[in-house]
Every structure is written in C-alpha cells, then in structure tokens.
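User: I would like to learn how to read a model like this one. Please show it and take me through its features.

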Amino acid sequence: MRRDALSAARLISDLFSPPVIWATLAFPMAFREASSTGQALTWALTYGVLVCLVPVTFIGLMVWRGRITHIQVRRQRIIPFVVSLLCTALAWLVLRLMGAPSLFQLLPLFTLIQIAVMLVVTFVWQISMHTMSITGAVVATGALFGPTPALLLSPLIPLVAAARLKLHRHSPAEVIAGGLVGGLVTV
C-alpha cells in the first residue's frame, strides 16, 4: 500500500509540477485572446517553450552533469531560478514583439514575479513551488474564466499539497506558505 501511495504522490507531483501547470494554462488563455487557432498556438507554444521547456531542460542537464544533486537543496535552486527568470523575461519580450494582447503578456510577467518571489524566499527558507503554482493557477483561472472553473480546479490544491507531504519534499509549513504566497501573488 505504501509503495502505491508513493507512486501516486510522484505521479501527482509530476503532472502538477509548476512548468506543466503554467504551460497548460497558457493554452486556454491564448485561445481566449487570439483571433485564430494559429495565433493562439504560437503564443502558447512560445510561452511554454521559453518559460517551461528551456528551464526544465537546463535543470535536466545540470542533474545529468552532476551539478545539481537534488533540487531540494536550497543553494542548488538559485541558478535554475536565475535561468528561469531570464527565460521568462525573454518570453515576455518576444510575446510583446509578436503583438500578443496585453492580457496574455501578463502571463510571463506574472510568472516572472512568482519566480522572483520564490528566488528571494529560497535565500532564507524553502517554499513549495508546487503548491505556490497550483494555487496561483486556480486563482488565475477564477480571475480569467470565472468562479465555476476555479471551484472545479480547487481540489487540486490540497491534492498537490498532500502529494508533496507524502513524498517528504516539504514540511506542512512550506506547503501552506506556498499556497498562501501563490494565491496572494496572483491576486
């Protein structure tokens, strides 16, 4: 039973990791704002590649090379955060140059703020990026698409929090703080 619970917690953590959450949210946001399918896909993919795929690839290479042993070690989070900040700033600039609507340009700007907050907190403490991201995404969904979609997605917050606790990646305080900061930064 314990092995099954750990497998489920790993699956939940992977499916609802920050890059997956934000890359996924980019699509309904882009389709909401775009005048064509091609335009929406271009904006969402640009955001997803620059903000999510490039930093995740960088982290994977760092792990493969042995420069990062475990992303839970606070000092090993700093360089990936800086890379993520640079990629996100680039995404904001590229989307702006592409003529993406201002509402969609807020997505990389919001992501930039969230990553900056995580980086600052990382210097003194560890906060759950997973609960910060899922809470931020649920609040953003409510703001953009109304309360019903947000309410439907809200059970993901305790689900992700429970998975992070089950995997012993965070303390209850780190998970709660991640949720609170994610919600507040989004608002």
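User: What percentage of the 187 residues in the chain do buried residues make up?

Analyst: Buried means under 20% relative accessible area, exposed over 50%, and partly exposed in between, with a 1.4 Å probe and protein chains only. By that rule, buried residues account for 45% of the 187 residues in the chain. This is a predicted model, in which local features need pLDDT of at least 70, side-chain atom pairs count only at pLDDT 80 or more, and totals for chains, interfaces and linings use all residues. Residues are numbered from 1 along each chain as its sequence is written, and side-chain values use heavy atoms, with hydrogens and water left out.

User: How many helices and strands does the chain have?

Analyst: Helices (H or I, at least four residues) and strands (E, at least two) are DSSP runs, numbered from the N terminus. The chain has nine helices and zero strands.

User: What radius of gyration would a compact globule with 187 residues have, and what does the chain have?

Analyst: The radius of gyration is taken over C-alpha atoms, and the globule rule is 2.2 Å times the number of residues to the power 0.38. The rule gives a value near 16 Å, and the chain agrees, at 16 Å. Along its principal axes, the C-alpha trace spans about 50 × 40 × 30 Å.

User: How far does helix α6 reach from its first C-alpha to its last?

Analyst: The expected span of a helix is 1.5 Å times one less than its number of residues. Helix α6 (residues 129-145) has 17 residues and reaches 23 Å, close to the expected 24 Å. Because 13 of its 17 residues are buried, α6 is largely enclosed by the rest of the structure. After α6 comes Gly-146, with a positive phi near 105 degrees.

User: Is Glu-174 buried or exposed?

Analyst: Glu-174 lies in helix α9 (residues 172-186) and counts as buried, at 12% relative accessibility. Contact means heavy atoms within 4.5 Å. Leaving aside residues up to four places away in sequence, Glu-174 touches Trp-125, Gln-126, Ile-127, Ser-128, Thr-131 and Arg-169.

User: Which residues form a nonpolar patch on the surface?

Analyst: Patches are made of residues with over 30% relative accessible area and no salt bridge; like charges are joined within 9 Å, and nonpolar side chains (Val, Leu, Ile, Met, Phe, Trp, Tyr) within 5 Å. A salt bridge is a side-chain nitrogen of Lys or Arg within 4 Å of a carboxyl oxygen of Asp or Glu. Here the patch consists of Phe-31, Leu-41 and Leu-45, with about 260 Å² of accessible area together. Leu-41 sits in helix α3 (residues 37-64) and is partly exposed, at 34% relative accessibility. Accessible areas come from the Shrake-Rupley method with a 1.4 Å probe; for residues, only the protein chains shown count as cover.
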